[in-house]
Amino acid sequence: MNKPALRPFVEEIKTPLGWTGPENDRIAALLRDLPHVKAACVTEVTKAWDHLLSSGKVHLRQVMVSSWSAAEEALVDDYPQAFCMLKRLCIFQLDADLASNPIHPASLPRLEDLDIIAGTDTTSFDSFTTPFRTQLVSLTLPVSFALSGCNLATFSALKHLALYCSGLGRLVELEGDLPVPVVISILSSVSSLRHLQSLSLKVYLAPCSGMQRGFPKVLNRFLPPELPASTRTILDTIPRQIQHLSLDTDCLRPDDVAAYLLSPRRPSRLRTLR
């Protein structure tokens, strides 16, 4: 704030951009004088955004927000030049109102990487992603029963897919506790995507607490006495065209994974396994 000469070198904002107190005017002036910001991590839409984007010089490449609702959409409408180069969008949670107020197709023309951290439902997800289905290259999606019916078959440019779900605080003891059918359905829907190269599965039966690097933090890495039989079907629905596979999960027996990797069912072009 006291070194104006350094302002052209600031490329990332990680504050909530929502402040009160005697420093308001100084902070507002500072934000209006940061022309090269490319990334922003914020918790809510406030006047701070107006100060940051009003210069017309900021072109964001990466944004992380707690939600995407009418407020965020209005911001994109007001400052299209600031978002026209946006490539990566990380959202903690999609607003259910998106179903009735869908995003405009041309709002984020360069978006290629979408990361949704917390739960969403099929209607909201479909409404939000419809304009981007032929341009998204990478997608991270939390799987729950609310995503039943989710179909990614039209994400024609998709190269990287990450799915995760967990026991959400308690050990999963019954097959119906874990949305394995949803995982299987989503994997089946991407089997024909010719550009898909990598798949990451973070599916936990053990209880989880909080988030770590955007994913559930597992409390206990142990297997229950009996795994749900349907979890083995996950291996059979792994897309055959992928080259990179990450199985960060406690719902698959090592013997089943070994048998899968030694069988004709494994992807013929598989290069890396984690």
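Contact here means heavy atoms within 4.5 Å. The model is predicted.

**Leu163**

Leu163 sits in strand S7, which spans residues 160-165. Neighbours within four places in sequence are left aside here; beyond them, Leu163 is in contact with Leu141, Val143, Val183, Ile186, Leu187, Ser200, Leu201 and Lys202. Is Leu163 buried or exposed? Leu163 is buried, because its relative accessible area is 1% and the cut-off for buried is under 20%. Leu139 lies 24 residues from Leu163 in sequence, and the C-alpha atoms of the two are 8.5 Å apart.

**Ile242**

Ile242 belongs to the loop between helix H7 (233-236) and strand S11 (244-247). Its relative accessibility is 0%, so Ile242 counts as buried. Residues up to four places away in sequence are not counted in what follows. Ile242 touches Leu196, Gln197, Ser198 and Leu199, and also Pro267, Arg269 and Leu270. Ser268 is 26 residues from Ile242 along the chain, with 8.4 Å between their C-alpha atoms.

The two C-alpha pairs are set out below.

| Pair | Separation in sequence | C-alpha distance |
|---|---|---|
| Leu163 and Leu139 | 24 residues | 8.5 Å |
| Ile242 and Ser268 | 26 residues | 8.4 Å |

**Helix H5**

Helix H5 covers residues 122-129. Of its 8 residues, 6 are buried, so H5 is largely enclosed by the rest of the structure. Which residues of H5 are buried? They are Thr122, Ser124, Phe125, Ser127, Phe128 and Thr129. The cover over these buried residues includes four strands: S3 (62-68), S4, S5 (113-116) and S6 (138-142).

**Surface charge**

Lys38, Arg61, Lys87 and Arg110 gather on the surface in a patch of positive charge. One of them, Lys87, is in the loop between helix H4 (80-83) and strand S4 (88-94). Why does Lys87 count as partly exposed? Its relative accessibility is 40%, and partly exposed lies between the limits of 20% for buried and 50% for exposed.

**Whole chain**

The protein chain has 8 helices and 12 strands. It holds 274 residues, and 47% of them count as buried. Among contacts with a separation of 6 or more, 67% come from residues 24 or more positions apart.

Technical notes. Residues numbered from 1 in each chain as written. Predicted model: local features only at pLDDT ≥ 70, side-chain atom pairs only at ≥ 80, totals over all residues. Heavy atoms only, no water. Patch = residues over 30% accessible without salt bridge, like charges linked within 9 Å, V, L, I, M, F, W, Y side chains within 5 Å. Areas by Shrake-Rupley, 256 points an atom, 1.4 Å probe, with all protein chains shown as cover. Salt bridge = Lys/Arg side-chain N within 4 Å of Asp/Glu carboxyl O. Lys, Arg positive; Asp, Glu negative; His and termini not counted. Charge placed at Lys NZ, Arg CZ, Asp CG, Glu CD. Helix = DSSP H or I, 4+ residues; strand = E, 2+ residues; numbered from the N terminus. Buried < 20%, exposed > 50% of the residue type's maximum accessible area, 1.4 Å probe, protein only.
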